Amino acid sequence: MNTPAAAARGTASGTAPAAAYAYVALVAALLVGFPYIASSYQTILLSYGLVMAIAALAVNLLLGYTGLLSFGHSVYFGAAAYGAAFVVKYLHVVSMEAFLAGGLLSGLVIAAVFGFICVRYTKIFFSILTLALSQVGWSLALKLFWVTGGTDGIRVPTPVLLGGVFGAPDDKVVFLAHRYYYYVLAVFTVCAVLMWRIVQSPFGKSLQAIRDNEVRAESIGIRVRRARWFAFVLSGMFTGIAGVLWAPLNGLATPDVLYWPFSGELVFMTVMGGFHSFSGPIIGAVAFNYLKSYAVGRTEYWQLLLGVVFVVLVLVLPDGIMGAWTRLHRRTRREG
Amino acid sequence: MSTLIVQSLNALLNTAFLFLIAGGLSLVYGVMRIVNLAHGNLYMLGAFAMVGMAGLAAPAVPAAALIALLPVAALVVALVGAAIEPALLRPLYARAEEYQLLMTFGLLLILEDVTKLVWGPTPLSASTLWSAFGTLTILGSDYPTYNLLVIAIGLMTAALLWAFVYRTRFGVMLRATSQNRRMAQALGINVQSVYVLAFAIGCLMAGLAGAVIVPIQGAVLGMGVDALVLAFVVVVIGGLGSLEGALAGAFIVAVVRTLAITFFPELELAVLYLIAALVLVTRPAGLFSRS
Amino acid sequence: MPLLAVEGLRKSFGDHRAVDGVDFSIEAQRLISLVGSNGAGKTTLVNLITGFLQPDEGRIVFDGQDVTRLPVYGRIKAGIARSFQLVNLFDALSVLDNVRLAIFSRDNKINQVMRLAERDRAAEAEAREVIGEFGLADKWSVAASGLAQGERKLLDVAVAYALRPKLILLDEPTSGVGTREKSFIMDRVEAVVRSGGLSAVIVEHDMDIVFKYSDRIVMMHEGRVLAEGTPQEIVRDERVAAMLGRREGERGE
């Protein structure tokens, strides 16, 4: 696993390495060439998908790898988005890198505090606790309107990338569909590689051990609570990065992205793509984004469509898209 | 002085309402160990069912008589619940707990749009029912009679439920199943029917909460999602699975809300969520739980 | 100085006194069997020594250090490891990964976030060595859930052994397997005790095994130590004879 794109994809079990590399190279080429073959609208849509993919990977760090289902990730996403907006509004800085630093920091701090409280519990209590704590963030954003703009939100203007090294952008749409897309792609790749390395590390293995058998993990000397907390903080940090990337795309930081159903959407993406694999959440996020855009565009009852998809998914395809793909793959190769 | 009486009565009103909605959630968890994220939208379904039926019946009957529709709306939601449990929840009992959260989240989305499909996207009101009852003078203050009726309904439901769970044969089966499902099965209890019924009762309470609140504040899309987190706060404070806890939790939350709205409205919600988090951290079983 | 000294240990669950004043000590490089009828307190004692339970009263001194208040990971650092009565493994991970994880934990590599676990040659080599010592070399890539019961028992011991403890506590390491496998497992355990310089405390019901492999036997009854000594001493002990007599009648598994 040398190239970042290859690392980001992971291998489906049983695939010959050469085929896997070819497959990944194809996807990488597609991603890099996308703005030239698709419309601006499509490219911006994919940008959204990649941003959500970072958040979904972060959610899965906790869900798939540590066995903790968080229904409160909206707070890390939203707080970072608002952080970017605050940096513009109060510090008058529009550097994207400043946004990212702020987002990373906010994700780290909030996740450290919330995580310290939450990792003492598992399963249902953990999930409800994450939900309740994230709602604190939402209610503050909603009510302290003189700071946060309330339901109107705060504007996030076009940021300056890499200190303006490529010159000032002229048209906003062109900017978003081109330069900003590549920026997002780059950050996504870096985040995906980092998270891949984390789950492949001894620490990542210990998380899976804790997920599978907490008592056994403890009995070989793993400090369970500390490992969970660490995973929680990492997850919050990456989700914060996603929130920062999202803000300029949306142009606005609003309370919706702190509201708990958005946490549900992040979980939806992760589960739909398949939370038992590394690349599942990426596929789920991109697919969910397209599905939602399609649904919203076609019918006002898009929540019904998404809800039915989700219910069917849970009943019939609990391993998500990647799970079904792997099973299909195994059957056609007739593995021994 | 008059505001004190009005505020106290408001707190009681909120207690009744919160008990109805949180009690159902707690009951379902207590018996089936299921946390129903769609519970809030079942409450919303009750609200819209009530307002829809009231709208249809209004030309034919005097406004006050519409109150008879309250149990009908609750029943509608109970029937929906009785259909949901065997079809969508039963297949998940063998699986990890997290799947029920996922499934009920999907249900939440479905119910949100089904409600929009049936009753339209605009908020609906049944305030004629509310105003038809006029006001009563309590200790020198005027207070809407309908609100007092709601308080009475809440108390009555609490009493009926208590009697049902602790005095009837079915209640015994309910408690046995909630304590030890396998043993209950071994004793010949039909756990499947206990589950359906428990879920239906939980939905009945949610539907009743919605029906009862609609003359006061109307029915609007999204009210379910808002109410759910509040119900969680109540149930977390009082203890998941405990009816007395739901009542006590409802009272505490109602009082905090009433105080907060008067003194620091911006932090009202934040304070509640923090209290919930605090309780989860110090006494995860809730303040009043039995275990 | 003994490796492990347990003094006045008491643990109650409500009214039930599971461990009711236990004193004994263990020297280094010994194989000790902990025997007694069901409910005698053996597993509770193991839980107390390994840190999964906190005693109501008493002290546990290990290798000169008072470990009574140490949490589980502290005791593992001190050199105490265990297996479980109901085999407790990472079912989704391979045999190699199960053992390798113990090695990572032991070497404090659990905090490494950016290294690739697969690339740690030293850890992998050591894991393979341990697997080999327990006769599981050809099953290294099989998921733990795919092993036979006897192999799972061996893996359970191997994982504890990989922590390179000074004292290993095995809770019924031969239960649920056939006679030949029992000998295989116990031969391995004895081998690592003799060559690895560690002590083992084994909770065991099979008296043949107990008498064949133990240096010393500790017999518990109703939360207390009834008798303690070499197999020869135990056999001559009258109280034990009464217990064993009862057991003879029960045996026939």
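In this predicted model, A:Ala141 lies in helix α6 of chain A, which covers residues 123–143. A:Ala141 is buried, because 28 other C-beta atoms lie within 10 Å and the cut-off for a buried residue is 20 or more. Leaving out residues up to four places away in sequence, A:Ala141 touches A:Gly78, A:Tyr82, A:Thr148, A:Pro255 and A:Leu258. A:Ile37 is elsewhere: 104 residues separate A:Ala141 from A:Ile37 in sequence, and their C-alpha atoms are 40 Å apart in space.

Chain B contains 12 helices and 2 strands. The C-alpha trace of chain B spans about 60 × 45 × 35 Å along its principal axes. For 291 residues, a compact globule would have a radius of gyration near 19 Å, and chain B agrees because its own value is 19 Å. Buried residues account for 51% of the 291 residues in chain B. Of the contacts in chain B between residues at least 6 apart in sequence, 77% join residues at least 24 apart.

The UniProt record, an unreviewed entry, places the feature "transmembrane region" at several stretches of chain B, including residues 12–30, 101–119 and 146–166. In the model, residues 12–30 of chain B are 100% helix and 0% strand, with end C-alpha atoms 25 Å apart. Residues 101–119 of chain B are also 100% helix and 0% strand, and there the end C-alpha atoms are 27 Å apart.

Helix α6 of chain B runs over residues 145–167. Its 23 residues should span 33 Å at 1.5 Å a residue, and the helix agrees with this because its end C-alpha atoms are 32 Å apart. The buried residues of α6(B) are B:Tyr146, B:Asn147, B:Val150, B:Ile153, B:Gly154, B:Thr157, B:Ala158 and B:Leu161. An α-helix has 3.6 residues a turn, so residues three or four places apart point the same way.

Next come the contacts between chains. Where chains A and B meet, 34 residues come from chain B and 33 residues from chain A. On the chain B side, the elements giving two or more residues are α4 (98–119), α10 (223–238) and α12 (268–282). Of these, α4(B) gives the most, with 15 residues. By class, the side of chain B that touches chain A has 27 nonpolar, 1 polar and 6 charged residues.

Chain C also touches chain A, in a contact that takes 28 residues from chain C and 19 residues from chain A. Helices α2 (72–78) and α3 (95–106) of chain C each supply at least two residues of the chain C side. The largest share, 6 residues, comes from α3(C). The chain C side divides into 16 nonpolar, 4 polar and 8 charged residues.

The last topic is the nonpolar core. The largest nonpolar core has 291 residues, and B:Val233 and C:Ala158 touch the most other members. Helix α9 of chain B, residues 191–217, gives the largest share of this core, 17 residues. Apart from its neighbours within four places in sequence, B:Val233 is in contact with B:Val253, B:Leu272, B:Tyr273 and B:Ala276, and with A:Ala132 of chain A.

Notes
Residues are numbered from 1 along each chain as its sequence is written. Chains are lettered from A and ligands numbered from 1 in the order in which they are written. This is a predicted model: local features need pLDDT of at least 70, side-chain atom pairs count only at pLDDT 80 or more; totals for chains, interfaces and linings use all residues. Helices (H or I, at least four residues) and strands (E, at least two) are DSSP runs, numbered from the N terminus. A residue is buried if 20 or more other C-beta atoms lie within 10 Å of its own, exposed if 12 or fewer, and partly exposed in between; C-beta atoms are placed from the backbone. Two residues are in contact if their C-beta atoms, placed from the backbone, lie within 7 Å. The radius of gyration is taken over C-alpha atoms; the globule rule is 2.2 Å times the number of residues to the power 0.38. The expected span of a helix is 1.5 Å times one less than its number of residues. UniProt positions are given in the numbering used here, feature names are shortened, and annotations may be inferred rather than shown by experiment. Ala, Val, Leu, Ile, Met, Phe, Trp, Tyr, Cys and Pro count as nonpolar, Asp, Glu, Lys and Arg as charged, and the others, Gly among them, as polar. A nonpolar core is a set of buried Ala, Val, Leu, Ile, Met, Phe, Trp, Tyr and Cys residues joined through C-beta atoms within 7 Å.
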